[in-house]
Amino acid sequence: MNWLGHDARRARLLEKAEQFSLIQGLIANALQLPVGHACRVVGLEQGTLIIAVPSAAHAAKIRQLTTTIHQLLVARGQQVDEIRIKIQAGLRSASFTEASPMPGQVQDLGEKACDALLELQKNTSNDELARTLARILRKNQARRQS
């Protein structure tokens, strides 16, 4: 990140990215899940904040909350005169990064995780927990073999 501060153009880019991140964080924290986390700040030009959302339903909800968002941002020192909503169908929620699986996707357990679960299974006095852990380990092993 330090290299961004070495010239004026890159420094402005870093400043804008930090501003977008701040605004997005404020919106996500202020609004109810999952609506707040589905928003992406995609622009702020001449006092117009542009928020991208994944669907018309999200857009409708955000439009209902524009006054609240505006008041929050102005109270935090952001110069926002207008809020525009843009629907981007492919947009994913912030809680799902490229590294995290989408809901419903199953990831294989790593070797350390398997060892820890096996150790817990052997040492627990709770029979139901031991059976559940054995089932998890069998399913994980079957996925790895296929």
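**Notes on a predicted helix-and-strand model**

1. To start with the overall picture, 29% of the 146 residues in the protein chain are buried. Please keep in mind while reading that this is a predicted model. The chain has 6 helices and 3 strands, and their order along the sequence is α-α-β-β-α-α-β-α-α. Among the contacts in the chain with a separation of 6 or more, 52% join residues 24 or more positions apart.

2. As general background, nonpolar side chains in soluble globular proteins tend to be buried together.

3. Leu49 deserves a click in your viewer. Setting aside residues up to four places away in sequence, Leu49 touches Ile23, Ile27, Val41, Gly43, Leu44, Leu73, Val80, Glu82, Ile83 and Arg84.

4. How do α1 and α4 meet? Helix α1 (residues 8-30) packs against helix α4 (residues 66-75) at an angle of about 130 degrees, and their axes are 10 Å apart. That angle makes α1 oblique to α4, and the crossing of the two is right-handed. On the α1 side the contact is made by Ile23, Leu26, Ile27 and Ala30, and on the α4 side by Ile69, Leu72 and Leu73. Sorted by class, this contact has 7 nonpolar residues, with no polar and no charged ones.

5. Helix α5 (residues 111-123) and helix α6 (residues 127-145) have axes that come within 9 Å and cross at roughly 150 degrees. An angle over 145 degrees counts as roughly antiparallel, so that is how α5 and α6 lie to each other. Here the crossing is left-handed. From α5, the residues Glu111, Cys114, Leu117, Leu118, Leu120 and Gln121 meet Ala130, Leu133, Ala134, Ile136, Leu137, Asn140 and Arg144 of α6. By class, the residues of this contact divide into 9 nonpolar, 2 polar and 2 charged.

6. Is Ala59 buried or exposed? This residue sits in helix α3, and Ala59 counts as buried because its relative accessibility is 0%, where the cut-off for buried is under 20%. Apart from neighbours within four places in sequence, Ala59 is in contact with Val53, Ile85 and Ile87.

7. Finally, have a look at Gln46, in the loop between β1 and β2. Although Gln46 is not a glycine, it has a positive phi of about 50 degrees. For context, most residues other than glycine have a negative phi. Gln46 counts as exposed because its relative accessibility is 82%, and the cut-off for exposed is over 50%.

Technical notes: Residues are numbered from 1 along each chain as its sequence is written. This is a predicted model: local features need pLDDT of at least 70, side-chain atom pairs count only at pLDDT 80 or more; totals for chains, interfaces and linings use all residues. Side-chain values use heavy atoms; hydrogens and water are left out. Axes are lines fitted to C-alpha atoms, for helices over the stretch in contact, and angles run from 0 to 180 degrees between N-to-C directions. Helices (H or I, at least four residues) and strands (E, at least two) are DSSP runs, numbered from the N terminus. Angles under 35 degrees count as roughly parallel, over 145 as roughly antiparallel, 65 to 115 as roughly perpendicular and the rest as oblique. A crossing is left-handed if the near helix is turned anticlockwise from the far one by less than a right angle, and right-handed if clockwise. Contact means heavy atoms within 4.5 Å. Ala, Val, Leu, Ile, Met, Phe, Trp, Tyr, Cys and Pro count as nonpolar, Asp, Glu, Lys and Arg as charged, and the others, Gly among them, as polar. Buried means under 20% relative accessible area, exposed over 50%, partly exposed in between (1.4 Å probe, protein chains only).
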